[in-house]
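User: I would like a close look at a single part of this model. Please keep the answer connected and brisk.

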Amino acid sequence: MESKFSARIAELPGPVWVFGAYVVSRMGEWAFGLLMQFVSGSWRLGGGTALMFLIPAAGVALPVCVLWGLVGRSPYGLSLARWYAGLRVAALLMLLFSGYDPHLYGGTEMFIRGIARNVVYGALWFLFLLYLERSRALDAAMSGERCDLPLWCVALMVVVLALAM
């Protein structure tokens, strides 16, 4: 017997499924990192540790909310996904021009590898953003009322992404 939620997921096009895999991967990385901190004994309950726990948790919760908005066919879901993808592209571009000096910090190979990784991820996020903007299949799946995000939501997304990167 198929649930209503799983039927809604099955209606979504392929690139949204890829985004869902990204979200699950991020959640797995975050949970594994917490487990390793707990096992190694480096996780303590203090004010600074709580803050260091909340920043990555917010960074993982944001794409989960985006995916939930898409799957739940929220009126804000598509706008939220567009802003998230666009902000990821902007953040990766900012990392490319961050002013890191490989001669000062050493590690030119790591610097070039980081640039290549950011270019590839930026291109993938840009392609996902273009898909969100132009897909007729996604428009058909997200039928119904659509709303743009309020400015305070966009500002909150910018802060969360800036801290969690």
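In what order do the elements of the chain run from the N terminus on? Then take helix H6, residues 108–134, as the part to examine.

Analyst: From the N terminus on, the elements run α-α-α-α-α-α-α-α. The chain thus holds eight helices and zero strands (DSSP runs numbered from the N terminus: helices are H or I with at least four residues, strands E with at least two). This is a predicted model, where local features need pLDDT of at least 70, side-chain atom pairs count only at pLDDT 80 or more, and totals for chains, interfaces and linings use all residues. Residues are numbered from 1 along each chain as its sequence is written, and side-chain values use heavy atoms, with hydrogens and water left out.

Some background on the chain. It has 165 residues, and 30% of them count as buried (under 20% relative accessible area; exposed is over 50%, partly exposed in between, with a 1.4 Å probe and protein chains only).

Now H6. Its 27 residues should span 39 Å at 1.5 Å a residue (the expected span is 1.5 Å times one less than the number of residues). The end C-alpha atoms are 39 Å apart, so the model agrees.

Which residues of H6 are buried? They are Gly114, Asn118, Gly122, Trp125, Phe128, Leu129, Tyr131 and Leu132. Tyr121 also lies in H6. Tyr121 has 43% relative accessibility and therefore counts as partly exposed. Its C-alpha atom is 9.9 Å from that of Leu93, 28 residues away along the chain.

H6 packs against helix H2, residues 14–40. The angle is about 135°, and the axes are 11 Å apart (axes are lines fitted to C-alpha atoms, for helices over the stretch in contact; angles run from 0 to 180 degrees between N-to-C directions). H2 and H6 are therefore oblique to each other (under 35 degrees is roughly parallel, over 145 roughly antiparallel, 65 to 115 roughly perpendicular, the rest oblique). Their crossing is left-handed (the near helix is turned anticlockwise from the far one by less than a right angle; clockwise is right-handed).

Who makes this contact? H2 brings Pro15, Val16, Phe19 and Tyr22, while H6 brings Trp125, Phe128 and Tyr131. These residues divide into seven nonpolar, no polar and no charged (nonpolar: Ala, Val, Leu, Ile, Met, Phe, Trp, Tyr, Cys and Pro; charged: Asp, Glu, Lys and Arg; polar: the others, Gly among them). Trp125, Phe128 and Tyr131 of H6 are also buried.

Technical notes: Contact means heavy atoms within 4.5 Å.
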